[in-house]
Amino acid sequence: MELLAKTRWMPVPQRFGAVMWLSFLMATAATGVFFSILDPDDLRYCVPFPEVSRMAAYTIGFFLFWLLTAASGVFAVMFTYPPNPDETPRKHG
Amino acid sequence: MDDTSTAPKATTTAKTTAAPTVEQSLYEKRQKIYPREVHGTFAALRVTAVSVLLGLFYGVCWLRWDGHQAVLFDLPARKFYVFGLTFWPQDFLLLTLLMLLAALSLFFFTALAGRLWCGYACPQTVWTEVFLWMERKIEGNRQQQMKLDKAPWSARKLRIKATKQFAWIAFSLWTGFTFVAYFTPATDLLAKTAALSLGPWETFWMLFYGFATYGNAGFMREQVCKYMCPYARFQSAMFDKDTLIVSYDEARGEPRGSRRQGVDPREAGLGDCINCTMCVQVCPTGIDIRDGLQYECIGCSACIDACDDVMERMNYPKGLIRYTTEHALEGKPTRIVRARTIIYSVLLLGVASLFFYLLGSRAPLGLDIMRDRNQLYRERGGLIENVYMLKVLNLRDAERAFEITAAGIEGMLIDGPGEPVRVAGGDVAEVPVVLRASEAELPERSTPVTFTLRAADDPTVSVTEGAKFLGPGR
């Protein structure tokens, strides 16, 4: 928290919101692409749960994509912080 | 958390509006913006755009076409109906091109005319406009709204606020219903809703979309544009000095100041701006356009209407705030044809041509080939046998018969349905087919073969797909 006060980055809830919102958009696009190419009914033979309906498969697929894109976003945000709390970001201009 | 450090500079301009209510919102301590109602040319244009777009959204789901809903995205059946056209998953490229076309149009119009999309067509603008209209009908005009919010809670305030919430929530639920009606046929959905027997998906999406409408148009409003919209962040990349923007003519307006009607501003040492702050009061994002081009400006041109109205009453020429370009403000000519617009329009034309070409040349049939999963091949009567499952897609609306042939190996025998396969309109038939070939003709473990599907009534309508014929190899 001290770090935040020093560096003027967005507060945690807002960074969380930004990651979740943008990863939601990306997950929507990814779900669209994935399921236009693959029919969940054809995947039935490859997964251990054969009783899943198409709508359920779309939903599970969407949430998995969201998890993936959100994870990427969280790491990206985390990696924009200096690993050493004493370091402040370099000033530009 | 240090809130003041993150507050953008827009709040400094909001001081002129002096709205007293500070509410804690998602992004910052935000002063509620009470945009004043505005009348004029551009307001009329926006009301027209809002009516047409919302009319389409709420109306189109009730249209019928050839016995089915005119526009229906049937996800469980993997078929999209758009009036006379039926789209299948294999038309995915068309959808991609359509998205590309939409993005390029946005870039093109942004380069040419700035944030037209934001001001007139964005769902955020459109629904906010409706919510503002309801708020105005129920709570009264800007002053009455501000007074009501400042007043202590009373029976009257409770009644007014409850009425507004009721109207907002009812409208949001109807919006959620309409959204779902593009995925579940609207008439079925209405019957299910009336019988309170909606499925879990329908219920979830109806409430989700309804809640999003209520939250975004009722409360978030300009914050969506300022903080959440990706387009708002990158639209400046499409701008140049020839892009149409809403701008205040500083040279003509300054020095601003109040004066009595009939006083010649030049004699009083004043510009044309009477500093009435009407442009600030009508702004839905709470900025002062006189501070110059700001990223919060969604180009709604409410300030143009407001200022023109004042100029008319003052007997000054209109257009102190107007649609113009940076070049025009500097007294230079504005070029519409320039590298940026040429590149965007060439790309736009290219993608549009490709889209319509592909749309026009879609084959009205499709063939998917799957190999039998249980065995690679089997030997019977001295011949090698491969079993396939063929999915025959009739992409037309009417029933059609198809013939299946195979080629690729000398002397190959095909054991299929024997007669043409009849497939109902927009349906898929699964047809098992066995191919037999002599081992002498199979030099490799895997030999390519092709299946051809041909309409029985029109031999020119055909599609050929490849598959593999597996054998023991030598």
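Trainee: What should I know about the model and its numbering before we start?

Mentor: Residues are numbered from 1 along each chain as its sequence is written, while chains are lettered from A and ligands numbered from 1 in the order in which they are written. This is a predicted model, where local features need pLDDT of at least 70, side-chain atom pairs count only at pLDDT 80 or more, and totals for chains, interfaces and linings use all residues.

Trainee: How many helices and strands does chain B have?

Mentor: Helices (H or I, at least four residues) and strands (E, at least two) are DSSP runs, numbered from the N terminus. On that basis, chain B comes to 17 helices and 18 strands.

Trainee: Why is chain B called more spread out than a compact globule?

Mentor: The radius of gyration is taken over C-alpha atoms, and the globule rule is 2.2 Å times the number of residues to the power 0.38. For 474 residues that rule gives 23 Å, so chain B counts as more spread out because its radius of gyration is well over this, at 32 Å.

Trainee: At what angle do the axes of helix α6 and helix α10 of chain B cross?

Mentor: Two packed helices are described by the angle between their axes and the distance between the axes. Axes are lines fitted to C-alpha atoms, for helices over the stretch in contact, and angles run from 0 to 180 degrees between N-to-C directions. The axes of α6 (residues 123-139) and α10 (residues 200-220) of chain B come within 8 Å and cross at roughly 75 degrees.

Trainee: Which residues of α10(B) make the contact with α6(B)?

Mentor: Two residues are in contact if their C-beta atoms, placed from the backbone, lie within 7 Å. From α6(B) come Gln124(B), Trp127(B), Thr128(B), Val130(B) and Phe131(B), and from α10(B) come Thr213(B), Asn216(B), Ala217(B) and Gly218(B).

Trainee: Which residue is the bridge partner of Ala406(B) in β17(B)?

Mentor: Strands β13 (residues 400-407) and β17 (residues 446-455) of chain B pair in the antiparallel sense over six bridges. In β17(B), the partner of Ala406(B) is Phe451(B).

Trainee: Which residue in β7(B) does Phe80(B) stand opposite?

Mentor: Strand β6 (residues 79-82) of chain B pairs with β7(B) in the antiparallel sense over three bridges. Opposite Phe80(B) stands Phe87(B).

Methods. Two strands pair if DSSP finds at least two bridges between them.
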